[in-house]
Structures are given as structure tokens and as C-alpha cells.
Amino acid sequence: MDHDAGPVTVDPIVGVVDVLDRDGRARVTLPVRRWPVTIGRAITCDIVLDDPYVASQHATIGEHDGGLQLTVGDTVNGAWVRKRRATAGERVELTAGDVVQVGGTRLRVRRANDALAAERPWVPEASGSLRAVLVLALLFSAWNVADLWVHDDPGGRLTDYLPVLIGGPIAVAIWAGFWSVGSKLTRHRFDFWSHSAIALVASLAMGVAALLLPVFAFTSGWSWPSRVGPIVVAAIAWSAVGAHIGRLLPGRPRVLAAVMASLFVVGLGLFSYHNYETQDRVFPELYVTTLAPPALRLAPTVSTARFVDEARALKAVLEAHIADDDRPGRNDD
């Protein structure tokens, strides 16, 4: 005798339990069709975890007073909720979005009637492309060749340019590869082209600043552009490091910028203090390896008498330095 099977009814989903990965994203989402839900290593549990630090009946999550409540079972490790450890037999009220850690596993429980956070606007993330990186690499190599040509003695050999043409891109590739490994560890993506673009742009900016600031000082007759040149170069390099870290940790850009700026200010203060203690000056010593063409000089010339007077004024300063160096017990190192 045939029996017609009636309709199969399935209980509606009343919640889900997310098993989170190390980044806080749901690795596995398990539907919940009834409360309470048992959690543990025993196969009789509703949620079975393969975690040696979880007991057979580790915890239970059920409804209580319109919300959810965690009851810790017979376990030596307990459970963690909101950075607080709950021991065996303890009960903890859960709120929407709470993360419960049992052993080495983190769980997030959501009910069907929990309010969802508003949708965030999605902005496509900038990513360095191969074409842009190749253009930057060509500019970087051309800049290095031009810089060597300016500073090298006339009649130099073509082989002198090979280390610049080959060594520069290799150094950038190693540097970008180092940060790309960090991106792979933190964001699960080998972001090589973006880190290469950051390194190349920073290198070009440092080269331009190191060249143009002394030239501007020569042209205008002001010394401060040349004095702040090393600081500007250091600021560009530090900003590049911050940009690399920002690719690894994009969640808090303002906090990262504030931390990086604070560290740079502290480092600049220590550097200036060390310079003042050892050289009686705050900024680095004025020095350029090459002079700009005289045609670029726009500042008025200094008369011979003024030059001699200013040079004579240096005598007392130099004698004070000599007396300080000859002082008994001074460490010459």
C-alpha cells in the first residue's frame, strides 16, 4: 500500500553562529533553527569544534529575557566575552555583535531579529598597475643616471652606470617584496605593484628634494632651504613607510597618520638635540658636492669687505671649538 508523503517542514532560521578567522571575518557560518545551541567537541553538540582546547560540552547559548545568554559548561579553560573570562558554570548575557572565544576558536552569534549595521559606502581600492610601475621604474632609472652624470667626473666610463641601472630597480623590488609579504600575512594578498609604486614615488621625490632645495638656496641666497633638505628627505622616506604600513593596516588611516607624525616629530627633536650637543647647531652642516651654474644665481652679490668681516667673525667661534676640543678629559671619539 502506497502512502503519500506529506510536505516536509523545515524550521525557520532563528540565528547564525559565525566561526571567525584571525581577521575577524566569518570563516564558516552555521545556521541556528532552535535555541539553545550546544558547543563543544562531542559529536552530540549542535556546533562541533575541532579544537583541543575546547571541552566536550564547552558552552550553551540560549534565549533569556528577550536576549541571548551564554552558559559555560564543565571546562577548565572557560570562555571569553568582551575581554572578560567566564569560568565553568558562569552565565553571561550576550549583546548583538558579541564575540565569544572558546579555546582557540572565536564565535559570533547573530539572531534573525538583530539590527544590522548600515551599509558602508564602497570605494574601489587603489592598486598599483604593472604599466604605472614600469613608467615609474623608467623615470627612477633615468633620474639615477642623470644624478650620477651630474656628480661624476667628466670622462667617466659607461660601465659606471651599470650599478645604478641594475642596482636601483633590484633594491626597490626587494623592498617592495618585503612589504608584499606583510600584505600577504595581514590581508591575504601579495600587493607587490602597490608597494613598488610607493617605493618608486618616494625615491623620486627624495631625489628631487635633495637636488632642488640646495639649488634654490643657491639661487635665492637663503640658507634655510639647504639646511632643511635632509629633514625633508627624511620626512618623505618616513611618509613612504607610513604608506606601506597603511596598505597592510587600512582600517585606521587617521590613527596611523597621527602615530607616524608623532614619531617623526620625536625623532626630529632627538636628532636636533644631538646635533646641537655635538656640533653646536640644530640643522645639519651646509655642504653640496656640486655647485649650480652661476646663471641661476638671483641673489645680489656680497661685497669683499662684508665677506672679510663675516669670515673674521668666525675666528672667535673656531678658537672656542679648539679650546673645547683640547679640554682635559674630553672624549675625542
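## A walk through the predicted model

**Around strand β3**

Strand β3 has two partners to look at. With β5 (residues 59-64), β3 runs antiparallel and is joined by three bridges. With β4 (residues 47-48), the pairing is parallel and rests on two bridges. Isoleucine 39 takes part in each pairing: its bridge partner in β5 is alanine 59, while in β4 isoleucine 47 stands opposite isoleucine 39.

**The six-stranded sheet**

Elsewhere, six strands form an open sheet in the order β2-β1-β11-β10-β7-β8, and their pairing is antiparallel. Which are the edge strands? They are β2 (26-32) and β8 (84-86), each of which pairs on one side only. From one strand to the next, the twist averages 30 degrees. At the β2 end of that order, β1 (residues 15-20) and β2 run antiparallel and are joined by six bridges. Leucine 20 stands opposite alanine 26 of β2.

Here are the strand pairs described so far, side by side:

| Strand pair | Sense | Bridges |
|---|---|---|
| β1 and β2 | antiparallel | six bridges |
| β3 and β5 | antiparallel | three bridges |
| β3 and β4 | parallel | two bridges |

**Helix α1 and its two faces**

Now for the helices. Helix α1 covers residues 130-151, 22 residues in total, and it reaches 31 Å from its first C-alpha to its last, close to the 32 Å expected at 1.5 Å a residue. Which residues of α1 are buried? They are Val133, Leu136, Phe140, Ser141 and Asn144. Viewed down the axis of α1, these buried residues fall within an arc of 140 degrees, so they line one face of the helix. That buried set packs against α2 (162-187) and α3 (192-220). On the other side of α1, Arg131, Leu138 and Trp149 are exposed.

Just after α3, glycine 221 takes a positive phi of about 85 degrees.

Isoleucine 198 lies in α3. Is this residue buried or exposed? Its relative accessible area is 17%, and because buried means under 20%, isoleucine 198 counts as buried. Leaving aside neighbours within four places in sequence, isoleucine 198 is in contact with Ala240, Ala243, His244 and Arg247. Valine 16, by contrast, is 182 residues away from isoleucine 198 in sequence and 41 Å away in space, C-alpha to C-alpha.

**The whole chain**

Stepping back, the protein has seven helices and eleven strands. What radius of gyration does the protein have? The value is 33 Å, whereas a compact globule of 333 residues would be near 20 Å. The C-alpha trace spans about 120 × 55 × 35 Å along its principal axes. Of the 333 residues, 28% are buried. Among contacts between residues at least 6 apart in sequence, 46% join residues at least 24 apart.

Conventions:
Residues are numbered from 1 along each chain as its sequence is written. This is a predicted model: local features need pLDDT of at least 70, side-chain atom pairs count only at pLDDT 80 or more; totals for chains, interfaces and linings use all residues. Side-chain values use heavy atoms; hydrogens and water are left out. Helices (H or I, at least four residues) and strands (E, at least two) are DSSP runs, numbered from the N terminus. The expected span of a helix is 1.5 Å times one less than its number of residues. Buried means under 20% relative accessible area, exposed over 50%, partly exposed in between (1.4 Å probe, protein chains only). The arc is that of the directions from the helix axis to the C-beta atoms. Contact means heavy atoms within 4.5 Å. Two strands pair if DSSP finds at least two bridges between them. Axes are lines fitted to C-alpha atoms, for helices over the stretch in contact, and angles run from 0 to 180 degrees between N-to-C directions. The radius of gyration is taken over C-alpha atoms; the globule rule is 2.2 Å times the number of residues to the power 0.38.
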